[in-house]
Amino acid sequence: IRQNTADLVQDTGIRFEYEQSENIATHIKLPIDYSRNLIMIFKEAVNNTVKHAQAGQITLSAKEGEEGSIVLTLQDDGRGFDLQTTGKGNGLANMSSRANRIGVRLDFKSRPGAGTTLQLYIDLAKVQ
């Protein structure tokens, strides 16, 4: 996900930063379909940011969550949008559908003028 994000923002003028908790498990092997869906969720989110957000920076972080979970967060400093009035295009619907398919929680937070944050919660006990 980190490499895909770096590739997608290359030559766009958007700065990319990656943050990772020191104690996060890095040896986790995910099933191929699970990994593919995670990659596609973040690819869609980054594409949306590049196309629509007018962002100057994207930050991707991987942190340890509660009770053995991992939280992946993608945050931009772009123009944001109103989740209530923005048309549910295929992008948001596809991301939600993929998250449901693999049983992860996906939250969006956005406000006009305040950027957008996507948080994905992976319960490792359900994956392994």
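Which residues in H2 meet which residues in H3?

Reply: Happy to. This is a predicted model, in which local features need pLDDT of at least 70 and side-chain atom pairs count only at pLDDT 80 or more, while totals for chains, interfaces and linings use all residues. Numbering starts from 1 along each chain as its sequence is written, and side-chain values rest on heavy atoms, with hydrogens and water left out.

From H2, the residues involved are Asp33, Tyr34, Arg36, Asn37, Leu38, Met40, Ile41, Glu44, Ala45 and Asn48; on the H3 side they meet Gly91, Met95, Arg98, Ala99, Arg101 and Ile102. Contact here asks for heavy atoms within 4.5 Å. Sorted by class, this contact of H2 with H3 has eight nonpolar, three polar and five charged residues. (Asp, Glu, Lys and Arg are the charged class; Ala, Val, Leu, Ile, Met, Phe, Trp, Tyr, Cys and Pro are nonpolar; the others, including Gly, are polar.)

Now the geometry. H2 covers residues 32-53 and H3 covers residues 90-102; their axes are 9 Å apart and the helices pack at an angle of about 160 degrees. H2 is therefore roughly antiparallel to H3, a label for angles over 145 degrees, with under 35 being roughly parallel, 65 to 115 roughly perpendicular and the rest oblique.

H2 has another helix against it. H1 (residues 2-9) crosses H2 at roughly 25 degrees, and the two axes come within 10 Å, which means that H1 is roughly parallel to H2. Here Asn4, Thr5, Leu8 and Val9 of H1 meet Ile39, Lys43, Val46, Asn47 and Val50 of H2. The contact of H1 with H2 divides into five nonpolar residues, three polar and one charged.

Asp11, in the loop between H1 and strand S1 (15-20), is not a glycine and yet has a positive phi of about 65 degrees. Gln54, in the loop between H2 and strand S2 (57-64), is likewise not a glycine and has a positive phi of about 55 degrees. Asp11 counts as exposed because its relative accessibility is 77%; Gln54, at a relative accessible area of 64%, is exposed too. (Exposed is over 50%, buried under 20% and partly exposed in between, with a 1.4 Å probe and protein chains only.)

Let's return to H3 through Met95, one of the residues that meet H2. Met95 is also in contact with Phe108, whose other partners, leaving aside neighbours within four places in sequence, are Leu83, Leu92, Ser96, Thr117 and Leu118. Phe108 belongs to strand S4 (residues 105-110) and, at 21% relative accessibility, is partly exposed.

Stepping back, the chain has four helices and five strands, in the order α-β-α-β-β-α-β-β-α from the N terminus. Its C-alpha trace spans about 40 × 30 × 25 Å along the principal axes. Of its 128 residues, 38% are buried. Among contacts with a separation of 6 or more, 69% join residues 24 or more positions apart.

Terms used: Axes fitted to C-alpha atoms, helices over the stretch in contact; angles between N-to-C directions. Helix = DSSP H or I, 4+ residues; strand = E, 2+ residues; numbered from the N terminus.
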